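Hello,

Here is the structure I promised to pass on. Please have a look at it first, and then read my notes below.

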Amino acid sequence: MTVRTRFAPSPTGYLHVGGARTALFSWLYAQKTNGQFVLRIEDTDRERSTEESVQAIFDGMQWLGLAHDEGPFFQTDRFPRYLEIIQQLLEQGDAYHCYCSAEEVEAMREEQRANKQKPRYNGRCRHRSDAVEGVQPVVRFKNPEQGEVVFDDLVRGTISISNTELDDLIIARSDGTPTYNLTVVVDDLDMNMTHIIRGDDHINNTPRQINIMNALGAKAPLFAHVPMILGDDGARLSKRHGAVSVMQYRDEGFLPEALLNYLVRLGWSHGDQELFSREQMIELFDIKDVNKTASAFNTDKLLWINQQYIMSAEPERLVAPLAEQLKTLACDVENGPDLLEIVKTQQERAKTLKEMAEKSLMFYQHYDEFDEKAAKKNFKAAALEPLEMMLAKFEQLADWHKESLHEVILATAEALDLKLGKVAQPLRVALSGTSVSPALDATLFLLGKETSLKNIHKAIDFIKAKIVA
């Protein structure tokens, strides 16, 4: 048997992290078993489904590198097939037309609630043979009234649901359009799905879908219901917890491999190992090892993982995404320092590429004023001599490289018999306008000779003016 899994999102919004984790688990299991991973777009909700949402799903899957083997398939292209199955169920007596209005159904449920019964459709039209003139009926599946549905969930173990708990669900609306529980069954059977990996919010749908499969004489696939993702406050993950869209994490400067690594650890583990390459995920992952309990999303942990990936990445890997981050900050990357050198300089200093870009603004945007606190602490009269000495040496340098720049700083400290900090910190404030910058030789190199000399001149003039005042 060839394992076939699927990811079947509804295009009513962006690809969120919960959906991305489900896609990842399904993709990994297919990869692990040399199976096939199918992408299906469940777009039957015509009012809420949008082309923008479809594209957001494609973009998110592509960015994460979760390539599908088949698809994408769109449910709206398969309406004739659904109608064929609905007609089949009607003809074989496993479905019926229901003429009850929404108000009548709600009245049933109100009465049931009053009697402390589970609210459900009571099957009023189940044995009805006459049509109601002027009423366009829905089609309901005739759920078995006896027995139970038992299935072995690959995550949660054996699940048993009595058929008395299930009512006759609507499989076609009054306008003839099919509903989710019908379309998903037809698709999963037609596409030969062997393993359905999805969120545990679908557990209540599973016994209903298995009953429809049984009515169609089909063998149900295996199911694995993975627990939901919670925010750090214990509530279900939502917009108020911050970024939940996959592409928003890209925009915030996360690497896709870091996000995948974090998502696979939300509910699955392999000993105490925290970092996994894509190859290791495929080798070690088993859906049966996924936890039953919900996992809490921890942004600090994601940041830590992202930082590990940034620090260990080949610098060339980070050039293109850093360029995109810099462009959003209105930096002209085509006429600035070598981006590869910026990456090498900042790689150990940033948790995200967005942070790396923000810390690199000094190489693209000249400061107007010195940071007041930094200038007060470092621009004292004693700083004038080392700055003037370095300026003279820098002006004479024909070789503007990190090694020679570093030598000038060391030689100045030695010549003036000063601790390195007494030389380095005034120079750092002079170059960056603040007390924070990368290593000074790298900062000088990336700023270039002209800008570096200009900034040191500016600092010297500032100190002289301060002394005179």
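**What I found**

Strand 6 (residues 148-153) and strand 7 (residues 157-162) run antiparallel and are joined by six bridges. Strands count as paired here if DSSP finds at least two bridges between them. Helices (H or I, at least four residues) and strands (E, at least two) are DSSP runs, numbered from the N terminus. A hairpin of three residues leads from strand 6 to strand 7, and Asp 152 faces Thr 158 in strand 7.

A word on the source: this is a predicted model, in which local features need pLDDT of at least 70 and side-chain atom pairs count only at pLDDT 80 or more, while totals for chains, interfaces and linings use all residues. Residues are numbered from 1 along each chain as its sequence is written, and side-chain values use heavy atoms, with hydrogens and water left out.

**Aromatic rings**

There are 14 aromatic pairs in the structure. Rings of Phe, Tyr and Trp (its six-membered ring) pair if their centres lie within 6.5 Å; planes under 30 degrees apart count as stacked, over 60 as edge-to-face and the rest as tilted. One of the pairs is Tyr 249 with Phe 297, a tilted one with 6.1 Å centre to centre and 40° between the planes. Tyr 249 belongs to helix 7 (residues 246-251) and Phe 297 to the loop between strand 12 (295-296) and helix 10 (299-312), so this pair ties together parts that are 48 residues apart in sequence. Tyr 249 is buried at 4% relative accessible area, and Phe 297 is buried too, at 5%. Buried means under 20% relative accessible area, exposed over 50% and partly exposed in between, with a 1.4 Å probe and protein chains only.

Trp 268 and Phe 285 make another pair, with ring centres 5.7 Å apart and planes at 50°, so it is tilted. Trp 268 sits in the loop between helix 8 (256-264) and helix 9 (278-284), and Phe 285 in the loop between helix 9 and strand 12, so to speak a link between distant parts of the chain, 17 residues apart. Both residues, Trp 268 and Phe 285, are buried. Together with Phe 25 and Phe 276, Trp 268 and Phe 285 are linked by ring pairs into a cluster.

Two charges also sit over rings (NZ of Lys or CZ of Arg within 6 Å of the ring centre and within 35 degrees of the ring normal). The charged end of Arg 140 is placed over the ring of Tyr 121, 3.7 Å from its centre, and Lys 458 lies over the face of Phe 370, 5.8 Å from the ring centre.

Ser 26, in helix 1 (residues 17-32), is buried with a relative accessible area of 0%. Beyond its neighbours within four places in sequence, Ser 26 contacts (heavy atoms within 4.5 Å) Thr 5, Arg 6, Phe 37 and Ile 197.

Helix 1 also gives the largest share of the lining of the largest pocket, five residues. That lining has 37 residues, with His 16, Gly 19, Asp 201, His 202 and Arg 236 nearest the centre. A pocket is an open set of points on a 1 Å grid over the protein atoms alone, with protein on both sides within 12 Å along at least five of seven lines, and lining residues have an atom within 4 Å of a point.

Best wishes

Terms used: 1 Å grid on protein atoms, 1.4 Å probe; cavity = no way out; pocket = protein on both sides within 12 Å on 5 of 7 lines; lining within 4 Å.
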